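Here is a short briefing on the model below. Look at the sequence and the coordinates first, then read on.

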Amino acid sequence: MLHNVKDNYIISVKDHVSQFEEKSFRKLASNDFKSWPSPREETWRLSRLGVLSRKEITPITPNFKKQISSVSKFKSSKIIRFVDGALREDLSSKLPPGVSLNILGEEDSLRCFHKFKDSNLKDHPSTNVSFSCTPSIVKLTIEKDVKIRDLFEIIYEGGDDDTSVHPALYIELKDNSSITIIERFNHLSSLIMPLQLVELKKNASINSLKIFNDNQQSYNLSANCTFLSEKSNYNSFSLIKGGLFTRSETHAYLKGENCNLNLNGVYLSSKNQHHDLTTAIYHDVPNCTSKQIVRGVLGGKSTGVFQGKVRVAPDAQKTDGQQMSRAILLSENAIANAKPELEIYADDVICAHGATVGEIDDDQLFYLKSRGISEKKAKQILITAFLKDIINESVEESIQNYVFEEAELALSEIISKEI
Amino acid sequence: MSLLEIKNAKLKLDDKDILKGLSLSVNSGEVHAIMGPNGSGKSTLSYMLAGRDGYELESGEVFLEGQSLSDMEADERARSGLFLAFQYPVELPGVGGMSFLREAVNSRRKFLGEEELDHLAFVKEARKVASKMFVKDEMLKRAVNVGFSGGEKKRFEILQMAMLKPKVSILDETDSGLDVDALKIVSDGVNAQRNDENAIVVITHYQRLLDYIVPDFVHILSDGNIIKSGGPELALEVEKNGYAGLINAA
């Protein structure tokens, strides 16, 4: 059969699916993958995937013997490793009591799949492709009343040129449990499509830090679907610095009263990088708060996108939803797009949003220079402060320095070229 | 030789003449007060001296210790010994007070050929000076000027002045937003730094500040020029009769 070059990846996904024995959710998912989203679709207008249809990519077959050389920067963290998108228990730490890691069977995988398909991530390319191609869906469970003090690190690595990787992780925090998780994306693949389902039960609390630092040629289309129950707390911070094109998309459903959500992030973009933080927050019940602070620093010909939607349902009275995005452009050729969206159907709410894109503040720069500090150093100080400020506000104290060091590496690269 | 010499300074902002041939000579050991009504060019003068972008002279020249400032950026001027205490000190969220001070002081020390201070030595020195200015340690740990009261901001300006040991300090409306107690603390801080080697130019609306920082010379600035100069008694005349009388007489 002759087919258009554009269909190559779709065909390779379907071929890949055929090698699995249990097929139900994979088949359903692969049937729904018909094309890459068109730029006519509102949420993909600013982040276009057209170029992917011209690439020759096939889903990776994980190599379970592949060795890795990455090390943790923490002395006593618990590490969970995914290589080529597959869980590698042999390269992961022994877990403390109250925490378990399982590979889901057919039935649970299907349930997980339907959670995504019932959400507004149903048409996200990663939903359809990764449910088709993931080696397995891995579930991390924190049992009731268990409060984990150890830092958890989930490291996603491996991958090869011209392949796509499909890690899928389901995190469940049962009642009154809590944990801090750092996730690092360090793939070498052309296309990375991580899926994540997070369920926070009553009074559960998670601090989540994601660092996107894939290979400079890769596309990362991460999709996260989170459900918050009563009094639960999801505190998330994303640092996007790697990849050619990285889009972190999070949809959070606030389903129980008095829950609290922070979806903050920073993107640091240089050369021809494209970084995108897309969020959708659904306030379905009363008395919840959500907050998003996003900051970007851009150099070269890079592009940054923040699109955040907050939807407040008619019943969700006393909602407090805040959104603020700020981007600093260090080069004339860099572009920052901000698209905050509020859809409010309740009348007794506090919702605010704001977005600024600009250069370094003149008054601040002059103040520093008037103290004898050179222009270059002054700019460095101000940009560093711009990031430090949000990191200190968003990230748990014990890992603030770590995040800051991670950011500083990318930042100094941008600054050295532009200032 | 004068420490600061302004010669026939002319400056336009948005095509409007703001400074119209202003001249002033300040010698070491002297304190000069420049008084003037709103819109007379006081803030423009301070920005021009400090080297803010957009405030370049159209003609005329300024010399610091005999060296022309015209080709020097704001940071070079500061390292050479010029200091501007801001009327409205700028907030720097995320920039810690101590590291800001250290960066500034070490830039100046480097220029003077002195050894840069390491962290410990610097903290010790900063605390010593800060305590004299009633600046608490806790304030130095906070982000520069963020959440500071009016008085704290001005005290922090004078603390910077004390640490940078400038040759010429320009105090732009340092009394604005201060109550009497704060005014006294700030003035004491300034007076403690008066010596035969440096000079201070106080820019102010009101005579009040000059009760605390007593000038050797008072100049009245009006419509971009100094229209009258005299001793401290000139400030009292302004207090009594307002600017209008002096301006009309000139």
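Where does A:Lys271 lie in chain A? A:Lys271 sits in the loop between β16 (260-269) and β17 (274-283) of chain A; helices here are DSSP runs of H or I with at least four residues, strands are runs of E with at least two, and both are numbered from the N terminus. The model is predicted: local features need pLDDT of at least 70, side-chain atom pairs count only at pLDDT 80 or more, and totals for chains, interfaces and linings use all residues. Residues are numbered from 1 along each chain as its sequence is written, while chains are lettered from A and ligands numbered from 1 in the order in which they are written.

- A:Lys271 has a positive phi of about 50°, although it is not a glycine.
- A:Lys271 counts as partly exposed, because it has 13 C-beta neighbours inside 10 Å. The scale runs as follows: buried means 20 or more other C-beta atoms within 10 Å of the residue's own, exposed means 12 or fewer, and partly exposed lies in between, with C-beta atoms placed from the backbone.
- A:Lys318 is in the loop between β19 (303-312) and β20 of chain A. Its phi is also positive, near 60°, and A:Lys318 is not a glycine.
- With 16 C-beta neighbours inside 10 Å, A:Lys318 is partly exposed.

- A:Ala334 lies in the loop between β20 (320-329) and β21 (335-344) of chain A. A:Ala334 is buried, with 24 C-beta neighbours inside 10 Å.
- Not counting residues up to four places away in sequence, A:Ala334 touches A:Leu298, A:Gly299, A:Gly300, A:Lys301, A:Ser302 and A:Leu329. Contact means that the C-beta atoms of two residues, placed from the backbone, lie within 7 Å.
- A:Ala334 and A:Phe386 are 52 residues apart in sequence and 18 Å apart in space, C-alpha to C-alpha.
- A:Ile103 belongs to strand β4 (residues 99-103) of chain A. A:Ile103 is partly exposed, with 14 other C-beta atoms within 10 Å.
- Leaving aside neighbours within four places in sequence, A:Ile103 contacts A:Leu87, A:Ser136 and A:Val138.

**Helix pair in chain A**

- The axes of α2 (residues 24-32) and α3 (residues 106-117) of chain A come within 8 Å and cross at roughly 30°. Axes are lines fitted to C-alpha atoms, for helices over the stretch in contact, and angles run from 0 to 180 degrees between N-to-C directions.
- That crossing makes α2(A) roughly parallel to α3(A), a label for angles under 35 degrees.
- A:Ser24, A:Phe25, A:Leu28 and A:Ala29 of α2(A) meet A:Glu106, A:Ser109, A:Leu110 and A:Phe113 of α3(A).

**Helix α7 of chain B**

- Helix α7 (residues 180-191) of chain B has twelve residues, which at 1.5 Å a residue should span 16 Å. Its end C-alpha atoms are 16 Å apart, in agreement. The expected span is 1.5 Å times one less than the number of residues.
- B:Leu183, B:Val186, B:Ser187, B:Gly189 and B:Val190 are buried in α7(B). Seen down the axis, the buried residues fall within an arc of 155°, so they line one face of the helix. The arc is that of the directions from the helix axis to the C-beta atoms.
- The buried residues of α7(B) pack against α6 (150-164), β9 (168-172), β10 (199-204) and α8 (208-212) of chain B.

**Interface**

- 19 residues of chain B are in contact with 17 residues of chain A.
- α2 (74-80), β7 (92-96) and α3 (97-111) of chain B each supply at least two residues of the side that touches chain A.

Note on methods
Angles under 35 degrees count as roughly parallel, over 145 as roughly antiparallel, 65 to 115 as roughly perpendicular and the rest as oblique.
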